[in-house]
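Biologist: I would like to learn how to read a structure like this one. Can we go through it feature by feature?

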Amino acid sequence: MATCKFTDSAADFLPARLSLPQLRTAVQTCHGCDLYCHATQAVFGEGKRGSTIMFVGEQPGDKEDLAGKPFVGPSGQLLDRTMEQAGIDRTQAYVTNAVKHFKFELRGKRRIHSKPSARQIAACRPWLEAEFKVVQPKLIVCLGATAAQSLLGPAFRITKERGKPIDDPKWGRLIATVHPSSVLRAPDAAAREQAAADFAKDLKVAAVELSRLR
Ligand code: URA
Ligand code: SF4
């Protein structure tokens with residue numbers, strides 16, 4: 001197999017002028033880490049410049065890798081339903097991921113999600129920073145530990161801090177919660193129901209924050 005060459009930072013591939021269309025084109029040329037070698041395509045964020053709320057997930061999954069759009073698979077469906085329950089309109093939100101290429105292991109023909117490393121997350125962060133600069137959201141929602149640690153550093157603990165609005169010097173107003181896939185992975189129906197309710201509660205806190213910030 002040919003070796004996969006990469007530079008260790010997406011910064012080497014950012015366009016000179018930051019706009020969402022330019023970023024969306026440039027991300028397909030990114031060799032900032034090894035993940036581009038195996039994925040179908042980069043999956044960039046979706047939504048408008050000036051969206052007031054920005055959701056950050058982990059990385060595209062199998063469905064997103066094929067579709068080229070974030071959160072279109074099972075986690076995305078749960079996210080959509082929960083946003084609706086919380087009164088957040090997805091068409092008014094900017095939805096993206098901490099890492100733009102799908103990382104997986106092959107099990108037979110199935111591609112099983114694999115967690116991005118700290119190095120891959122750091123390499124990909126310039127895309128997220130550029131999205132943040134262009135979109136200028138008033139509130140960020142981190143979905144899960146990868147997103148929270150990309151933005152807030154490795155010491156951040158979702159279990160302790162979930163659902164609490166934070167003021168970050170770099171990212172501004174921010175709320176972290178679990179990743180929707182953790183709700184889908186709950187061991188039984190009762191646990192799933194509880195996890196879904198807790199997730200919805202955190203998104204309702206985000207909706208209240210947003211109404212205060214507007
Ligand atoms: N999980 C994520 O974190 N992001 C997606 O886009 C899909 C699933
Ligand atoms: Fe570049 Fe991010 Fe893809 Fe790595 S995952 S190649 S840093 S876009």
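Modeller: Start with the disulfides. This is a predicted model, and the count comes to 1 disulfide.

Biologist: What is a disulfide in general, and which cysteines does it join here?

Modeller: In general, a disulfide is a covalent bond between the sulfur atoms of two cysteines. Here, Cys4 is joined to Cys37, with an S to S distance of 1.9 Å. The cut-off is 2.5 Å.

Biologist: Which parts of the chain does the pair tie together?

Modeller: Cys4 sits in the segment before helix 1 (20–26). Cys37 is in the loop between helix 1 and strand 1 (53–57). The pair therefore ties together parts that are 33 residues apart in sequence.

Biologist: Is the disulfide right-handed or left-handed?

Modeller: Look at the torsion about the S-S bond. For Cys4 and Cys37 the torsion is about 85 degrees, so the disulfide is right-handed.

Biologist: Now take a residue in a strand. Where is Leu174 found?

Modeller: Leu174 is in strand 7, residues 172–177. Its relative accessibility is 0%, so Leu174 counts as buried.

Biologist: Which residues does Leu174 touch?

Modeller: Leave out residues up to four places away in sequence. Leu174 then touches Leu139, Ile140, Cys142, Leu151, Leu152, Lys164, Pro165 and Ile166. Take Lys164: it is 10 residues from Leu174 along the chain, and their C-alpha atoms are separated by 8.4 Å.

Biologist: Zoom out. How many helices and strands does the chain have?

Modeller: The chain has 8 helices and 7 strands. Its radius of gyration is 17 Å, close to the 17 Å that the globule rule gives for 214 residues, so the chain is as compact as a globular protein of that length. The C-alpha atoms fill a box of roughly 50 × 45 × 30 Å along the principal axes.

Biologist: What share of the residues is buried?

Modeller: Buried residues make up 50% of the 214. Now consider contacts with a separation of 6 or more: residues 24 or more positions apart account for 73% of them.

Biologist: And what about surface and charge?

Modeller: The chain exposes about 10800 Å², and carbon and sulfur atoms supply 53% of that area. There are 32 positive and 22 negative side chains. The centres of the two sets lie 1 Å apart.

Notes: Residues numbered from 1 in each chain as written. Chains lettered and ligands numbered in written order. Predicted model: local features only at pLDDT ≥ 70, side-chain atom pairs only at ≥ 80, totals over all residues. Heavy atoms only, no water. Helix = DSSP H or I, 4+ residues; strand = E, 2+ residues; numbered from the N terminus. Rg over C-alpha atoms; globule rule 2.2 N^0.38 Å. Buried < 20%, exposed > 50% of the residue type's maximum accessible area, 1.4 Å probe, protein only. Contact = heavy atoms within 4.5 Å. Areas by Shrake-Rupley, 256 points an atom, 1.4 Å probe, with all protein chains shown as cover. Lys, Arg positive; Asp, Glu negative; His and termini not counted. Charge placed at Lys NZ, Arg CZ, Asp CG, Glu CD.
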